[in-house]
Amino acid sequence: VGSHVVMECNISSGINGLIPFWQVNDEDVDSFDSTYREQFYEEGMPHGLAVSGTKFNISKVKVKDYAHKFFCHFIYGSQQFTAYIKLERPVQNIQHYLIGGGVSLVFLVFFTLFIYKIFKIDIVLWFRDSCHPFLGKKVSDGKIYDAYVLYPKNRESCLYSSDIFALKILPEVLERQCGYNLFIFGRDDLPGEAVISIADEKIHQSRRVIIVLVPEPSCYSILEDVSEKQLAMYSALIQDGIKVILIELEKIQDYTTMPESIKYIKQKHGAIRWKGDFSERSRSASTRFWKKVRYHMPSRKNGSSS
């Protein structure tokens, strides 16, 4: 559409006066459409032959031209010979559409991955909250606790209040605001219970294990006071494949003084660093730190926990 088209019809013969002519819908070219033009010509050839012809010019093809048949006639005595041409719509060149679509698709994929990488935690948490009512009742996995919490007991020489974080802030956010059920060693165990058996039992009943770390080696008493319990815990983690969540109360530059089990877990799962203080604002489940913790926790419906 919009292009200039020239159609040519000619006769090669030794008879003079055979002049072809064009018609459209049984009408002459000039009277049918003012944009059509017809041009006659005649050329001599060797051996007494001649070529007589006519050119049909369409200066600018319109959509309506595809509906016509353009007939070329010539008459010899009582006979009339006819041929026709019909304009066919050109096949669309879809190559540039394919290239453009492919580039757009690649860009869309990378853009989606980029957005997902930045907002992955928010997307997952939103999906859990939005789709939970439609997922139906889950089959019980036999677990009682959503997480088993282990933290170093605070010492007077330490600057970091791991007791406050583990016994106050962690339950405030994960239990009261998010509805998780935690077993916190030092809060939920009973005096006189066998440490190793209780640790094994509670860990096997938990879906996650949260370990709170402090940067000062002198404060890292996880393996000093209850080493047998910790060895049993690490054995259960490696054997049962329970997911571990490491929480650093401050950035720990050097893990060389840490137990091999902690270094293994850090290398395998990484750690979440606590950047807040002990104010009310840091105890909101909507902050970035708690979103990361909730992302690694199992899916659970929001609500108060008894």
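1. Let's start with D122, which counts as partly exposed because its relative accessibility is 22%; here buried means under 20% relative accessible area, exposed over 50%, and partly exposed in between, with a 1.4 Å probe and protein chains only. Please keep in mind that this is a predicted model, in which local features need pLDDT of at least 70 and side-chain atom pairs count only at pLDDT 80 or more, while totals for chains, interfaces and linings use all residues. Residues are numbered from 1 along each chain as its sequence is written, and side-chain values use heavy atoms, with hydrogens and water left out.

2. Which residue forms a salt bridge with D122? The partner is R288, and the closest N and O atoms are 2.7 Å apart. (A salt bridge is a side-chain nitrogen of Lys or Arg within 4 Å of a carboxyl oxygen of Asp or Glu.) R288 lies in helix 8 (residues 288–296) and D122 in helix 2 (residues 95–135), so the pair ties together parts that are 166 residues apart in sequence. R288 is partly exposed, at 39% relative accessibility.

3. Next comes R187, which has a salt bridge with E175, the closest N and O atoms being 3.0 Å apart. This pair links distant parts of the chain, with R187 in the loop between strand 9 (182–184) and helix 4, and E175 in helix 3 (residues 162–177), 12 residues apart. R187 is partly exposed at 32%, whereas E175 is buried at 11% relative accessibility. R187 also forms a salt bridge with D188, where the closest N and O atoms are 2.9 Å apart; D188 has a relative accessible area of 29%, so this residue is partly exposed.

4. Elsewhere, D33, K64 and D65 are linked in a network of salt bridges. By the rule given above, the count comes to nine salt bridges.

5. K202 deserves a look of its own. This lysine sits in helix 4 (residues 195–204) and is buried yet has no salt bridge. The nearest side chain of opposite charge is that of E201, 4.2 Å away; Lys and Arg count as positive and Asp and Glu as negative, with His and the chain ends not counted. Leaving aside residues up to four places away in sequence, K202 touches Y145, Y148 and F183, where contact means heavy atoms within 4.5 Å.

6. Patches are made of residues with over 30% relative accessible area and no salt bridge; like charges are joined within 9 Å, and nonpolar side chains (Val, Leu, Ile, Met, Phe, Trp, Tyr) within 5 Å. K251 is in the loop between strand 11 (243–248) and helix 7 (260–269), and is partly exposed at 43%.

7. A nonpolar surface patch of about 620 Å² is made by L105, F107, L108, V109, F111 and L113. F107 lies in helix 2 and counts as exposed because its relative accessibility is 58%.

8. Finally, the whole chain: there are eight helices and 12 strands, taken as DSSP runs numbered from the N terminus (helices H or I, at least four residues; strands E, at least two). Buried residues make up 36% of the 306 residues. Among contacts between residues at least 6 apart in sequence, 68% join residues at least 24 apart. The chain exposes about 18500 Å², with carbon and sulfur atoms supplying 56% of it; accessible areas come from the Shrake-Rupley method with a 1.4 Å probe, and for residues only the protein chains shown count as cover.
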